[in-house]
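Me: I would like to learn how to read a model of this kind, one feature after another. Could you take me through it, giving the general idea before each case?

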Amino acid sequence: MVSKLPNIGTTIFTVMSNLAKEHNAINLSQGFPDYPISPVLVDLVTKAMQDGYNQYAPMIGVPELRIALAEKMNKLYQSSIHPDTEITITPGGTYAIYAAFTTILQAGDEVIVLEPAYDSYIPTIETNGAKAICIPLRYPDYSVDWELVKASITAKTKAIIINTPHNPTGYVWTHDDMLKLDEVTKDTSMYIISDEVYEHITLDGRTHESVLKYPSLFARSIVIYSFGKVFHTTGWKMGYCVAPAELMNEFRKIHQFLSFTCNTPMQVALAQFLTDENEYLLLPSFFEQKRNLLLELLRDLPFTIHQKAQGSYFQLASYEKINDMPDKEFAIWLTKEYGVATIPVSAFNHNGKDDKLIRFCFAKKDETLELACQRLSKLQQR
Ligand SMILES: Cc1ncc(COP(=O)(O)O)c(C=O)c1O
């Protein structure tokens, strides 16, 4: 058969997680927590099932959940999102990204992707017959080169996908970045796909710059969120998508033939759980403690930190003082020889650009981070 994705193999996340299992390594690679979720949330899901919420939910999502989300967003981002026309509940963020691109793209379109980038973006663009135009973020702080973005816009540019807080670099977009985004896109017909799955994980007093805060940007945007990242429930694959009514109407045409709807009892439980805003407002202090612990543990090891993570739950580290292996080889070697799995950052670049960096996930129990760094303490500086 003719492959739709001839150059794509198994994702690096699966490769590294399998390798971690095989070698009994501590898995700091894939982005998922190893601590329990809130027992309150578990009870709410159990109760929803016992109360009979076990059949198809409405196609766009359970009304109580959409209302709770609209209230939350409108309060946090001073937006005026309508729960009936502008929100759709989806089976996760990755699904919403796929449905969003499928909604807007035609064969031959171009989409600007800032790299390193989450690995679903380019295959999703290509499956839709469009072309990714990849622009490198500035090493080592991974800020956006706006001149380069501007120079890459052509008559074929249908969209730009942005991601803040950023996976894998931990960069958090500033107010100035949002103004630049508005400036370079406002006289075009481009859409903005804004991947904001780490919206609540901004560190050191930073605030999240959602496109929802900027009416002129939101008018052209599809915004992606994930409950997995907010409530530590990545295995539930629950998320949602927000867009102006007209765009959302088109998004729903795609969604109704992809999954039609998603998990009912979890939607009922999440609607109730969202009433406790501390569950998401306290995430910055929770993750700041974990990032600080990881940085403190890494300080005694031969890694170099070019920049502290500003957001998300990932910290990059350079291994230039250890050896000069390509980063994929280094990550495999670290897993096999030292029992700690990480992600090589070149996996987030379409051309394999290798800055000799690995990504640590710090959404882990303190003892997991401590044990991992204890194992890594045997590493020698060359
Ligand atoms: C930047 C980014 N976007 C989207 C997702 C996907 O979220 P979900 O697990 O809800 O599909 C992830 C997951 O790691 C991510 O890092």
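This is a predicted model: local features need pLDDT of at least 70, side-chain atom pairs count only at pLDDT 80 or more; totals for chains, interfaces and linings use all residues.

Me: Which strands does strand 3 pair with, and in what sense does it run beside strand 5?

Reply: In a regular strand the side chains alternate between the two faces of the sheet. Here strand 3 is joined to strand 5 (residues 157-163) by four bridges, and the two run parallel. Strand 3 also pairs with strand 4 (residues 131-136), again in the parallel sense, over six bridges, and within that pairing Ile112 stands opposite Ile133.

Me: What kind of unit do strand 3, helix 5 and strand 4 make?

Reply: Strand 3, helix 5 (residues 121-127) and strand 4 form a β-α-β unit, and this unit is right-handed.

Me: How many residues of strand 3 are buried?

Reply: A residue counts as buried if 20 or more other C-beta atoms lie within 10 Å of its own. By that criterion five of the six residues of strand 3 (residues 110-115) are buried, and the strand is mostly covered.

Me: What is the strand order of the seven-stranded sheet, and which strands are at its edges?

Reply: The sheet is open, with its seven strands in the order 2-8-7-6-5-3-4 and with mixed pairing. Strand 2 and strand 4 are the edge strands, each pairing on one side only. Neighbouring strands of this sheet are turned against each other by 20° on average, direction ignored. Packed on the sheet is helix 4 (residues 93-104), which touches strand 2, strand 5, strand 6, strand 7 and strand 8 (239-242), and whose direction makes about 165° with that of strand 7.

Me: How does the open sheet of three strands pair?

Reply: Its order is 9-12-11, and the pairing is antiparallel. Strand 9 (314-318) and strand 11 (343-344) are the edge strands, each of which pairs on one side only. Strand 11 is joined to strand 12 (residues 357-361) by two bridges, and the bridge partner of Pro344 in strand 12 is Ile358.

Me: Why is helix 11 described as largely enclosed?

Reply: Eight of the 10 residues of helix 11 (residues 264-273) are buried, so this helix is largely enclosed by the rest of the structure. The buried residues include Met266, Val268, Leu270 and Phe273, and among the elements that cover the buried residues of helix 11 are helix 2 (39-50), helix 3 (63-77), strand 2 (87-90), helix 9 (227-230) and helix 12 (278-281).

Me: Where is Arg206 found, and which residues does it touch?

Reply: Arg206 is found in the loop between strand 6 and helix 8 (215-218). Because Arg206 has 15 C-beta neighbours inside 10 Å, it counts as partly exposed. Leaving aside residues up to four places away in sequence, Arg206 touches Val172, Gln310 and Gly311. Arg206 and Ser194 are 12 residues apart in sequence, and their C-alpha atoms are 18 Å apart in space.

Me: Which residues come nearest to the ligand, and how is the shell made up by class?

Reply: Of the 14 residues around the ligand, Gly92, Gly93, Thr94, Asn167 and Ser226 come nearest. Sorted by class, the shell holds 10 polar, two nonpolar and two charged residues.

Conventions
Residues are numbered from 1 along each chain as its sequence is written. A residue is near a molecule or strand if its C-beta atom, placed from the backbone, lies within 6 Å of it. Ala, Val, Leu, Ile, Met, Phe, Trp, Tyr, Cys and Pro count as nonpolar, Asp, Glu, Lys and Arg as charged, and the others, Gly among them, as polar. Two strands pair if DSSP finds at least two bridges between them. A residue is buried if 20 or more other C-beta atoms lie within 10 Å of its own, exposed if 12 or fewer, and partly exposed in between; C-beta atoms are placed from the backbone. Two residues are in contact if their C-beta atoms, placed from the backbone, lie within 7 Å. A crossover is right-handed if, with the strands pointing away from the viewer, the path from the first strand over the helix to the second runs clockwise. Axes are lines fitted to C-alpha atoms, for helices over the stretch in contact, and angles run from 0 to 180 degrees between N-to-C directions.
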